[in-house]
Amino acid sequence: MDRFLRSRTLTGWALISPVAVVLICFLILPIIVIAIVSFWQATEFSIIPAFSWENYDFLFGSPVTYRVFLNTFKYAVITWALTLAIGFTVAYFLAFHVRTLTWQITLFLLCTIPFWTSNIIRMISWIPFLGRNGIANSALMSWGVIDEPVEWLLFSDFAVILAFVHLYTLFMVVPIFNTMMRIDKSLIEAARDAGATGAQILWNVIIPLTKPGIMIGTIFVVTLVMGDFITVRIMSGSQSANVGRLISNDIGLLQYPSAAATAVVLLITVLITIAILLRFVDIRKEL
Amino acid sequence: MEPRSRSFYVLATFFALFVLFLYGPTLTIAVLSFQGPSGGLTFPMRGVSLHWFHDLFEQQAVGDIWGSFSRSLTLGLMVMVTTVVVSVMGGLAFRKRFFGSGLVFQLIITSLVIPSILVSLGVGLIFSQLGFTVHWATSGFGSQLTWTLPFGLLIMFAVFNRFDKSYEEAARDQGASNWQTVRHVVLPIIAPSLIGVALFGFTLSYDEFARTLLTAGSYNTLPLEIYGMTTNVTTPVLFALGTMTTVFSFLVIAVFLITAKLMNRRQDRAGSDAGSGSV
């Protein structure tokens, strides 16, 4: 008995039990309930237990669904490409061009601080820039680039993607910087000694060694964008839709079964995407 | 030192522009929140005044801001304490490589990548089907933990991956019990990192929107209140509120960072290099 009590597994589970309880009650059970409710039916005022494929039939039978899913992927891919390009450049500068650790940490913190402030406020703060009479339009007009205000700056796909990049580039910078800091500098010196140019070092040494960080950043950005509904709502002025908004609209109309069915399809899509991405990286090894 | 290459200046400019991109909008609304009483949501400034900040303190003008602020603060502290305690326990658990740890790890990653609205919807449905009333301190609290715990645990994993086990062995050799080893050796060494976990726990909760949307009940948290305002408030009072919250967040972040720095310095002064690997 004593040996059993001292066993790794028992102590392990005793220590992990709070995590397990929270994740079972607030992650697993909610997913199960959503899956069940997605087969229920709804009237205007209440939801009725049933087993019907009605919600899924409607979902897959509607051209809107495909358009919205396509739009969601479009946001994810464009945001991913932009955040990767910007995030990689920023991390590369911090890791290889800033020379002292103190400065590296200071500048790194400068990049991370906005992450700990409110996303909604950060979205709202684009309004004075992008509005019809906003800073961007006034500047462009005074430089003579345009004659009258551009309408598509705010409340458009452009604004949505701008906000995504603004909010989520951090999620690329942090893991990529983390991986880059672990690259053995002597590898780079060796490459240089062997006659590699800067571009060759970047392409053949740094990028391959940074791949795990890139994958982790990719997982964050793709899942955050695919599951988003609030950024699209605020920045597109309700003119564009993604899957998250489809769900939140149904919730607003109290159509929970239909929202649940869309949620199930979204979850499966996200999990498949992540499963594919996880094939390229072992997160536990990278921490 | 060798002279800076041209690419350094190109990259430094890029970095500066990125920082401007990050902070520019926030600074703009900070300036605009001092609009005169007749000013609008964008430039030009029509005078300079504290009019919109004054409005925030008038109860009726913009909903229940102070009530929601105190709720968000309380909830943030609840989530912070829970996240720190539970993450440390979880971090210790994963060092044991117990049977089933792989499964728990997968769950933690799932919790991190699941679209927030699913947690909100699912928890909301459970509470309504069971006949419970959703409340920010129960359903809201639990839903937020599904977002803060993965961050806390990932930080703990990173910390323990770099933890030098010989300190514990030394303690045990001198006859310390398991609990004494954790209490007097492990916890003091990892303490500065726990400040980081606390920072994540508090700020992620304080700013969380999607997971509390359907789980906060009839009393709004601050982000929900602000979201409500985006749809019906069209005056700079929105910017005043945004500026106040951001300033509050900056203060919180500063307190955490300074505390962590002081703790690190104290460790350095104590002559131990413990935990120096976990930058």
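Helix α5 of chain B (residues 116–130) holds 15 residues, which at 1.5 Å a residue should span 21 Å; its end C-alpha atoms are 22 Å apart, so the two values agree. The expected span is 1.5 Å times one less than the number of residues. Helices here are DSSP runs of H or I with at least four residues, strands are runs of E with at least two, and both are numbered from the N terminus.

This is a predicted model, in which local features need pLDDT of at least 70 and side-chain atom pairs count only at pLDDT 80 or more, while totals for chains, interfaces and linings use all residues. Residues are numbered from 1 along each chain as its sequence is written, and chains are lettered from A and ligands numbered from 1 in the order in which they are written.

**Helix α5 of chain B**

α5(B) is mostly covered, with 12 of its 15 residues buried. A residue is buried if 20 or more other C-beta atoms lie within 10 Å of its own, exposed if 12 or fewer, and partly exposed in between, with C-beta atoms placed from the backbone. Among the buried residues are B:I117, B:L118, B:V119, B:G122 and B:F127. Their cover comes from both chains. It includes α2, α13 (243–252) and α14 (256–278) of chain A, along with α6 and α9 (210–213) of chain B.

B:Q129 also sits in helix α5 of chain B. It has 14 C-beta neighbours inside 10 Å, so B:Q129 counts as partly exposed. B:F34 is 95 residues from B:Q129 along the chain, and their C-alpha atoms are separated by 47 Å. After α5(B) comes B:G131, with a positive phi near 80°.

**Chain B as a whole**

Chain B has 11 helices and 0 strands. Its pattern along the sequence is α-α-α-α-α-α-α-α-α-α-α. The C-alpha trace of chain B spans about 75 × 70 × 35 Å along its principal axes. Chain B has 279 residues, and 44% of them count as buried. Two residues are in contact if their C-beta atoms, placed from the backbone, lie within 7 Å. Of the contacts in chain B with a separation of 6 or more, 77% join residues 24 or more positions apart.

Helix α11 of chain B (residues 237–269) has 33 residues. At 1.5 Å a residue it should span 48 Å; its end C-alpha atoms are 48 Å apart, which agrees. Its buried residues include B:V237, B:F239, B:T246, B:S249 and B:I253. The buried residues of α11(B) pack against α6 (119–124) of chain A, together with α1 (6–32), α2 (51–56), α3, α8 (178–207) and α10 (222–232) of chain B.

**Where the chains meet**

The contact takes 71 residues from chain A and 72 residues from chain B. On the chain A side, helix α2 (residues 8–37) gives the largest share, 21 residues. That side divides into 50 nonpolar, 18 polar and 3 charged residues. Ala, Val, Leu, Ile, Met, Phe, Trp, Tyr, Cys and Pro count as nonpolar, Asp, Glu, Lys and Arg as charged, and the others, Gly among them, as polar.

Two packed helices are described by the angle between their axes and the distance between the axes. Axes are lines fitted to C-alpha atoms, for helices over the stretch in contact, and angles run from 0 to 180 degrees between N-to-C directions.

| Helix pair | Axes come within | Crossing angle |
|---|---|---|
| α3(B) (residues 65–95) and α6(B) (residues 136–161) | 7 Å | roughly 40° |
| α2(A) and α14(A) | 7 Å | roughly 115° |

α3(B) and α6(B) are therefore oblique to each other. Angles under 35 degrees count as roughly parallel, over 145 as roughly antiparallel, 65 to 115 as roughly perpendicular and the rest as oblique. α3(B) passes α6(B) in a right-handed crossing. Their contact has 17 nonpolar, 9 polar and 2 charged residues.

The crossing of α2(A) and α14(A) is left-handed. A crossing is left-handed if the near helix is turned anticlockwise from the far one by less than a right angle, and right-handed if clockwise. α2(A) brings A:I34, A:A35 and A:V37 to the contact, and α14(A) brings A:Y256, A:P257, A:A260, A:A263 and A:V264. By class, the contact of α2(A) with α14(A) has 8 nonpolar, no polar and no charged residues.

**Two loop residues with positive phi**

Most residues other than glycine have a negative phi. A:F155 has a positive phi, near 55°. A:F155 lies in the loop between α8 (135–142) and α9 (157–181) of chain A. With 20 other C-beta atoms within 10 Å, A:F155 is buried.

For B:R97, phi is positive too, near 45°. B:R97 is in the loop between α3 and α4 (101–113) of chain B. B:R97 has 11 other C-beta atoms within 10 Å, so B:R97 is exposed.
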